[in-house]
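Me: I have a structure open and want to go through its contacts. Can you walk me through them?

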There are 2 protein chains.
Amino acid sequence: MEAQGWIVSFAGGEVRGTQPSVEKLGLKAAGLVELAQLGVPVPEGFTILTSACEAFQSADGWPRALTQELDQAVTELEERTGRTLGDPSNPLLLAIRSGASVPMPGMMDTVLDLGLNDKTVRGLAERTGDPRFAWDSYRRFIQMYGDIVLGVHHTRFVKAREDLYGGKPLEELSAEELAKLSERYRQVIATAGRTFPQGPREQLRSAIEAVYRSYNSHRARYYRKTHQIGDDLGVAVTVQRMVFGNRAESSGTGVLSTRNPKTGEPGAFGEWIPGAQGSDVSRGGITPAPLAGDSTTDHASLQERFPAVYDELIQLGERLEAHFRDLQELEFTLENGTLWALQTGPAPRSAQAAVRVVVDLAHEGVLSRQEALLRVDPAQLERMLRPIVAPDARRRVLATGLDASPGAACGRVVFHAADCQELLEKGEPSILVRVDTSPEDIQGMTVAQGVLTARGGQTSHAAVVARGMGKPAVVGCTEIQVDYSREVFYAGDTVIRRGDWITVDGSTGQVLAGQVPMLAPEADSGAMAELLDWADQEARLRVRANADSAPDAKRARALGAVGIGLCRTEHMFFMPEALRAIRKMILADDPWARQRALNDILPMQRAMFADIFREMDGLPVTVRLLDPPLHEFLPKRDEDISEVAEELGVRVEALNARLAQLYEANPMLGHRGVRLGISTPSVYKTQVRALFEAACEVTREGVQVHPEILVPLVALPEELRRIRDLIGEIAEEVLSEHGIRIVYEIGTMIEVPRACILADELAENSAFFSLGTNDLTQLVYGFSRDDMNKFLPTYRREGVLRDDPLSHFDAEGVGQLVRMACDRGRRTRPELKLGVCGEHAGETDAIAWFHEQELDYVSCSPFRVPVARLAAAHAALKG
Amino acid sequence: MEAQGWIVSFAGGEVRGTQPSVEKLGLKAAGLVELAQLGVPVPEGFTILTSACEAFQSADGWPRALTQELDQAVTELEERTGRTLGDPSNPLLLAIRSGASVPMPGMMDTVLDLGLNDKTVRGLAERTGDPRFAWDSYRRFIQMYGDIVLGVHHTRFVKAREDLYGGKPLEELSAEELAKLSERYRQVIATAGRTFPQGPREQLRSAIEAVYRSYNSHRARYYRKTHQIGDDLGVAVTVQRMVFGNRAESSGTGVLSTRNPKTGEPGAFGEWIPGAQGSDVSRGGITPAPLAGDSTTDHASLQERFPAVYDELIQLGERLEAHFRDLQELEFTLENGTLWALQTGPAPRSAQAAVRVVVDLAHEGVLSRQEALLRVDPAQLERMLRPIVAPDARRRVLATGLDASPGAACGRVVFHAADCQELLEKGEPSILVRVDTSPEDIQGMTVAQGVLTARGGQTSHAAVVARGMGKPAVVGCTEIQVDYSREVFYAGDTVIRRGDWITVDGSTGQVLAGQVPMLAPEADSGAMAELLDWADQEARLRVRANADSAPDAKRARALGAVGIGLCRTEHMFFMPEALRAIRKMILADDPWARQRALNDILPMQRAMFADIFREMDGLPVTVRLLDPPLHEFLPKRDEDISEVAEELGVRVEALNARLAQLYEANPMLGHRGVRLGISTPSVYKTQVRALFEAACEVTREGVQVHPEILVPLVALPEELRRIRDLIGEIAEEVLSEHGIRIVYEIGTMIEVPRACILADELAENSAFFSLGTNDLTQLVYGFSRDDMNKFLPTYRREGVLRDDPLSHFDAEGVGQLVRMACDRGRRTRPELKLGVCGEHAGETDAIAWFHEQELDYVSCSPFRVPVARLAAAHAALKG
């Protein structure tokens, strides 16, 4: 540690001074320092702490004191390595890496081979006796420095190379050719009006400044904003002696995952490229070989080539995983047969892997079950439950690439990240198709449904980022050719244009034509089921599902729902036969015709209830009485009106007249829910009768039914009282007809602000409250879900509103009314059951908040049940 | 007082026993007892207290103890009058009247001449030497008893008379003819299956029971329900010796008002009918003569015929008014030259009279100013401000009748009370046209806009009830002929059918064809202005007006508004030139075209603001920025779309495309208010610039401006902060251009539930809150004003909801959020100004509640300003 204490030095087994916090070191350096302390071979180096970056930002420039500290650190490093910066006879070459205390893509990442210039390149050639290696390193350095530090776009270097040598692979260029290429690269930089500095100390300082500037780049700031990271953390810069993977012999670079980061399966997993430096792997230009087993690429696996090194690497991985208690990803370089660790950290992993790893680690005794639960982000679990291509779907395979990030996604093809945003604003899904991706594409990837690249491996930028985001991705799909200028890609004979629909299946690597039917996956019976069992043991908040049919109910139960929290009876009415009957009911001229239509509806509704009760044997089923306004069941367009009129045998004029009568200026605030129940009691009576008849039927079969009847849209205690009486009468009637006793409960939706205010009175006639946060949010804001897209994009873009309150629960506003409803309801009836059935019931943050309010359950879509179970456990463990 | 203490006896100057409370006596008897104590000549009698009625109701029949008490009271009365019930030689005849402790029409009112039978009628003829009088009394009694006690409809008696004597007037029938008529009347009763009892004591008991039954009649219960009177008050029955107005000579009956009940002018006012009994006046069959002055009827005025009696009557009226400290209405009978008071009480009066009387009484020192204020119901004042026919309107006079109840009303003609209700449910106004009205019509009159009768005088049922309700009425319009069977009426050559529009002008007595333009009247400069001045001295809550134009502002100021609480800037845009400009703005293809359109709007809006500021010199003007969604300014129907497209020079397709873009499923919850302000700031900028330019312009003229700028539909504190900044920038810009300093305030509407919840944060950027209770009520209930008519009628009919929460403030539900907003707002900013600008701002009960919440002002339509001023004074005086 020096004067300002801005720099800390390290080498394998040794760290100078006390170890600073991860906030000061950044994640990368903290990993290196920890590796050094563990005695793992890391190249000697030092780290400039984040506090220097802060000084740079606040002083609006390079801090003078840093020059002195930096000089001293370099001198020390020269002493420790026995090499000297800029000394042609024995040059010290440096690797510069940046890293903050939280992952923060979008900043300058790495510059290698720093210290090379026209003189030292020759010294290096002489000293190593490998001029090809020296010149290759130099041209790499110029290109990387030009691109990253000087801002000369890397395509200009690619073009210069192609001008000079056409398509000839770099590996085939001779030392002389590479020397000529270096010269040409320096011309590229000069043509761009920039200067490539020959002085190694100037190179170093400029590289560090470039890191600091990139910290404030648009991309980095965007990333921090979207990930809710403050702008004041700063970035640390690590300077290390270069080790060379791009030596002619016994050299290479690679990445080791201590377990499979896609599946979580035990056993090392990774890739390497012989004769390459680390940056080659992640830039996607070269297809790497696997670490072990048979290689399908041009190169052999590391195990085949260097079995001893491979063993050493595997042992190192085991040590690291035991030490860090998590799946590690280790970047390594092999230099002339010597293994060097470049960095390690928790491996980015698929959701499936995340679950598998923590469950295995818990079984191995490394983690407690509680730790295991807390290690998995519920959002990750949600990604795991992303739709897959339906097994029976017809697949028209356009091409196959690498299965980089699981799940399937469907959208319109775009070729530029900005177009993803544009489609999003139109409410359309997009698939981003690129030759390969770079940090400029992150913003687009965030909003795209999925990603497809023509190049790159499982650890390419596209693959790593997509997995982190849980975005389905197919990468390295060499069968396609992307033409940016015409905005098309070719797959065999097929031309796919911008705007065409495709489906990418990140689980198989297939690229499919059109919109392919998808399925939500079942929770697997393995690690996830086990983890969720543990979750249920910790959670206090129970998880039910919203399900309107027997198949939904079955799926919900399979995913661990402990009941149905919302069965929307009207969903049945959208099936053809039922729709016909309900339309007849609506168009009935007199009470008798209406009753006849309702008599037709009764057996259908009864059968639906019976099927659901059977699936949910022993569990509660909350049935909501008819909610939408009647006009929702009638056709709106002229051609449909004629058709329906003919089908029902009524005159078009009569149908139009009824439509005019039912027209509402604001249907959301209209004649629906309990208002229909009071104005046309025969509808609710029919539904209640169907429900109790179904309950009797299945009870006779030995099924245990626990019906809970839910009255929607209540604003007045008197509304609830009347419907409660109506339900009681019909129930009494049916149950005595059948001679069966069934215990049932009546409850009210709390979805209108007035219901929150008068919750104490409502609780008098309500055994449970179901909080309908969708409608409640709309009414509390005065927003309509159908119309808010008119201004919400502006609001979010301008920062007036951070999140759509319909997807992200508004605890600050809506939450106060929810709390009022809960408090007042319980004041009247301490045993009142409280549940949430709005969209927010499946949202992690909202679940934590509902847990705090001591609610009894949330009810979400079947697909989100596992997420909610885990989130409920998190809430309990953190609470 | 007897065993149960159910009966109290009285006569002029004497009351036996201690005086019971008015609750026990009922209003009528209490008046009689008080008159007796004052020594006013009232016919001897006794009152059966309301407690006996209660005993009847609860015991489900006639209480035995009452028989004994009643016998004793009758015996006493016989002793005091020297006559005997049922004694043919000297029969005691009785008048039976009912009355509760609050006015309660719809019950059995009066039975006269009780005690007559086939024997006593002859005794009466002999004893009076006036057989015609005796037989006329007998046929009256049979008819009245048959109708009221036995339930034989009175038209059957009328028909029997016409069968016998055709159209020959009753006055021209001889004693023999009347005897024959009595006989026929008894046959009518027998034909109806009822029995006319000959025993006077049986007659008495049946009459009393009829009163008790009528207390539970549908009409009486309906009246109590609509007037929020409990069902447990009971009714008292008063039994008095008959005095006869229908003697041949020096007899008659009439009503004296101590002041003019229509205008409130000092000086006695009233009518009489020579040779008639009291019931003749109010049943509308005979047109009475005035008490004083020239008579235009067949009879002379009382003053002309019996000047001494007239003087006695006037003196009696003066004594009574001084005693009761209010305008009295005295029913009297003149029997053979002797004046008898039948009852007295506060006279039903027009709103104008109510105001004039209390102001005069305060000047006369009879009432304090506070008492005077509390004597006038603000609702009454509202009626006074009912629209009148516009002075310059073309009047097509169909007929002219009596100006029974002032104000003008316009509606569709109906002939049956039930039809008024039916039209109301369709949202259509009705005028009830009847030959004359009876208590069955009360329900219809309540909901009709106005009343027209062919028969009856100023004190007929129709006139009295209409005045009480403040309903415009023309009565005794003998120029029309009503044909119920065909549902038409004839006026000269014109046939008016059910459903036709007419206008009744209750201030002139004219019946006008069609819908005639009307005007809201100015507060008169006399009594009302004085009373309202006193009101302002008592009130704490100030009253502003909602006004969108200079003429509105002027009217508001004339009616006493102390500022404009809501100026809706969009109202200007419905004028042709402005509408054209705003449509251009909406249809603009690019920001430049939009700005050009806004540049056209600017001077118009500026001129409007300047005119309003001039009218409101020295008073605050609250300007609300644009509130409605933009599509409200565009045409909706195909033909209008073509026309507007042509006018603006755009293609129909372009206009349709924009309409489709702006379409909203729920416009009430849509893209409007501050949401427009944020998404299209140029509109608000233009409005704010226009406002400040206008303010500068009038300031230079010497006008004092106090602009308050109101931001609508705020749900997020951030919305308000942004618009506050926008206003501040433009204000700064304009004021520095003009070199003028103007103090202004920025405030927010509180009309979205979330604004109530976050009122503490909103108050940080808000100098005032304007509570928009219209939108707030809709959102709290989840009702839409435009759609609630779909279920509200059912809700009210079934008693689920008593009042429409949009016209009657919901303190129980909405009130809790309003209180939250006020409390939280003031917590942040103790000096926060709080006002209400919803419809409820003019509602009496709501004003009392707003007063309790210590709000600063209410802002209502100009027309309701006087009502609100008086209501505010009431709130302060009662608080």
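**Salt bridges and the interface**

Reply: A search over all chains of this predicted model finds 104 salt bridges in the whole structure.

Me: Start with D118(A). Which residue does D118(A) form a salt bridge with?
Reply: The partner is R186(A), and the closest N and O atoms are 2.9 Å apart. D118(A) sits in the loop between β5 (110-114) and α4 (120-128) of chain A, and R186(A) in helix α7 (residues 175-191), so the pair ties together parts that are 68 residues apart in sequence.

Me: Is D118(A) buried, exposed or partly exposed?
Reply: D118(A) counts as partly exposed, because its relative accessibility is 25%, and the range for that class runs between 20% and 50%.

Me: And D163(A) with K159(A), where do they lie?
Reply: Both are in helix α6 (residues 154-165) of chain A, four residues apart, about one turn of the helix.

Me: Over to chain B. What about E708(B) and K833(B)?
Reply: Their side chains form a salt bridge at 2.5 Å, N to O. That pair links distant parts of the chain, with E708(B) in strand β28 (residues 706-711) and K833(B) in strand β31 (residues 833-836), 125 residues apart. E708(B) counts as buried because its relative accessibility is 4%.

Me: Now between the chains. How many salt bridges between chain A and chain B?
Reply: The count is six. One of them joins E798(B) to R722(A), with the closest N and O atoms 3.9 Å apart. Salt bridges with shared partners also join E718(A), R721(A), R722(A), R724(A), D725(A) and E798(B) into one network.

Me: What area is buried between chain A and chain B?
Reply: About 4300 Å², with carbon and sulfur atoms giving 57% of that. On the chain A side, L669(A), R754(A) and K790(A) lose the most area to chain B, together 14% of what that side buries. The contact takes 49 residues from chain A and 49 residues from chain B.

Notes: Residues numbered from 1 in each chain as written. Chains lettered and ligands numbered in written order. Predicted model: local features only at pLDDT ≥ 70, side-chain atom pairs only at ≥ 80, totals over all residues. Heavy atoms only, no water. Contact = heavy atoms within 4.5 Å. Buried area = accessible area lost by both parts, 1.4 Å probe. Salt bridge = Lys/Arg side-chain N within 4 Å of Asp/Glu carboxyl O. Helix = DSSP H or I, 4+ residues; strand = E, 2+ residues; numbered from the N terminus. Buried < 20%, exposed > 50% of the residue type's maximum accessible area, 1.4 Å probe, protein only.
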